[in-house]
Amino acid sequence: MKISIVLGTRPEIIKFSPIIRECERLGLDYFILHTGQHYSYSMDRVFFEQLELPDAKYNLEVGSGTHAEQTGKMLMGIERTIQSEMPDVVLVQGDTNTTLAGALAATKLGIEVGHVEAGLRSYDRSMPEEINRVLADHCCDLLFAPTEKCRQILLHEGIPEDKIFVTGNTIVDAVYQNLEISRKRGNVLNHLGINSDEYFLATVHRQENVDDEKRFRSIIRGLEIVEDEFEVPIVYPIHPRAEKQLKVFNIEVNGLRLIPPVDYLSFLQLESNARLVFTDSGGVQEETCILGIPCVTLRYNTERPETLEVGANTLAGTDPYEILKKADHMLNGKNSWSNPFGDGKAGKRIIQILREKFE
Ligand code: UD1
Ligand code: UDP
């Protein structure tokens, strides 16, 4: 069996890491095809180095662009590479342009494709991620659903039962594999001059939030009000898209501790020691839920409703006073719940399913 792992962005590298480690452990025939969607050191290379992942065999160096430009270049490059390598199965993960391009290019070559993190839905078609995940699910052959809820969503969309496997989410594997190591490396809090449980953490990068001036200003205002009201510093490792948009809109930020994006072990440390987390990230909603840290999501919907159901997360949208209200609510709520995303063995399960089918 030959496996091609197609990835291109920060969350894909992190969420594929347990699968890559399992391929290495078993000595499987596989290779990594990197589209180059993310390319800055802090969004890409740092994760390969820190998680000790082998280099990608191919990097298409597609870089940034409009959705069509970026996806189009990826489709051509992935097709060319897959045609020359002819793997038995291609794996894609999540909901990025890389995910869609990998699924579409491979399936049209008649190669079976597995979608890791299948069956998530926000039901908000204005998000590029929603289009990507729906299309990827509907052209893939093997759907690795993190939860039973995701499986039900796929079944309701008419996807045959025998294509769907509930495996858990590989983010649980990644957190479990790296949390201990991150705890031993206790220096990011010192470095920032903050103490455990005495700061809030924020990440905001989604296109629908940061490319919309009114919404981005409103979120920043909300975080500033929260910081003033609770007298707790907010640390915000800023994604390059958000950093660019702050400049484009000339938004002045007062008080918030803006820092460059951090490596995974540092981010796990920041998350697991935070009193509260504000985010519009999918992965961060999951990780906070796994780590037992309350989360306020700066969106009006989520494709991770399991986090809301267990009480780990709440939707605040982008209004400053709603953000304050929801922060207060989460700070006064419970912070113990059971993790709905699996037992940390999703990567092993996915590889086992592939071996049964292709070996
Ligand atoms: C992409 C995904 C999003 C995911 C995010 C993870 C799509 C449609 N979106 O969004 O779902 O949550 O990755 O982080 O695939 N940039 C850099 N360096 C980089 C990468 C990007 O400076 O390494 C800047 C560029 O200015 C670029 C902008 O960020 O134009 C946006 O990058 P892009 O890959 O288009 O989308 P993300 O916002 O990263
Ligand atoms: N992350 C990181 N450093 C940071 C911010 C986030 O390592 O400075 C990690 C985080 O732990 C999570 C992943 O990046 O695993 C989430 O990626 P992102 O928010 O970019 O994308 P999304 O999950 O929204 O698609």
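Colleague: How many aromatic pairs does the count come to here?

Modeller: The count comes to 4 aromatic pairs. Keep in mind that this is a predicted model.

Colleague: Take Phe144 and Phe165: what kind of pair do they form?

Modeller: You look at the angle between the ring planes: under 30 degrees is stacked, over 60 is edge-to-face, and the rest is tilted. Phe144 and Phe165 have 35 degrees between their planes and sit 5.9 Å centre to centre, a tilted pair. This pair links distant parts of the chain, with Phe144 in strand E6 and Phe165 in strand E7, 21 residues apart. Phe144 has 1% relative accessibility, so it counts as buried, while Phe165, at 24%, counts as partly exposed.

Colleague: And how are the rings of Phe200 and Phe278 arranged?

Modeller: Their planes are at 65 degrees, so that pair is edge-to-face, with the centres 5.9 Å apart. Phe200 belongs to strand E8 and Phe278 to strand E11, 78 residues apart. Both are buried, and together with Phe230 they form one aromatic cluster.

Colleague: Which charged end sits over the ring of Phe31?

Modeller: That of Lys57, 5.7 Å from the ring centre.

Colleague: Now ligand 2: which side chains or backbone atoms do its oxygen atoms approach?

Modeller: For polar contacts, you check N and O pairs within 3.5 Å. A ligand 2 oxygen is 2.7 Å from an N or O atom in the Ser281 side chain, one is 2.9 Å from such an atom of Arg10, and one is 2.9 Å from a polar backbone atom of Gly282. The protein covers 95% of the 540 Å² of accessible area that ligand 2 has on its own.

Technical notes: Residues are numbered from 1 along each chain as its sequence is written. Chains are lettered from A and ligands numbered from 1 in the order in which they are written. This is a predicted model: local features need pLDDT of at least 70, side-chain atom pairs count only at pLDDT 80 or more; totals for chains, interfaces and linings use all residues. Side-chain values use heavy atoms; hydrogens and water are left out. A polar contact is a pair of N or O atoms within 3.5 Å; within protein, one must be able to donate a hydrogen and the other to accept it, and residues adjacent in sequence count only if both atoms are side-chain atoms. Accessible areas come from the Shrake-Rupley method with a 1.4 Å probe; for residues, only the protein chains shown count as cover. Rings of Phe, Tyr and Trp (its six-membered ring) pair if their centres lie within 6.5 Å; planes under 30 degrees apart count as stacked, over 60 as edge-to-face and the rest as tilted. Helices (H or I, at least four residues) and strands (E, at least two) are DSSP runs, numbered from the N terminus. Buried means under 20% relative accessible area, exposed over 50%, partly exposed in between (1.4 Å probe, protein chains only). A charge sits over a ring if NZ of Lys or CZ of Arg is within 6 Å of the ring centre and within 35 degrees of the ring normal.
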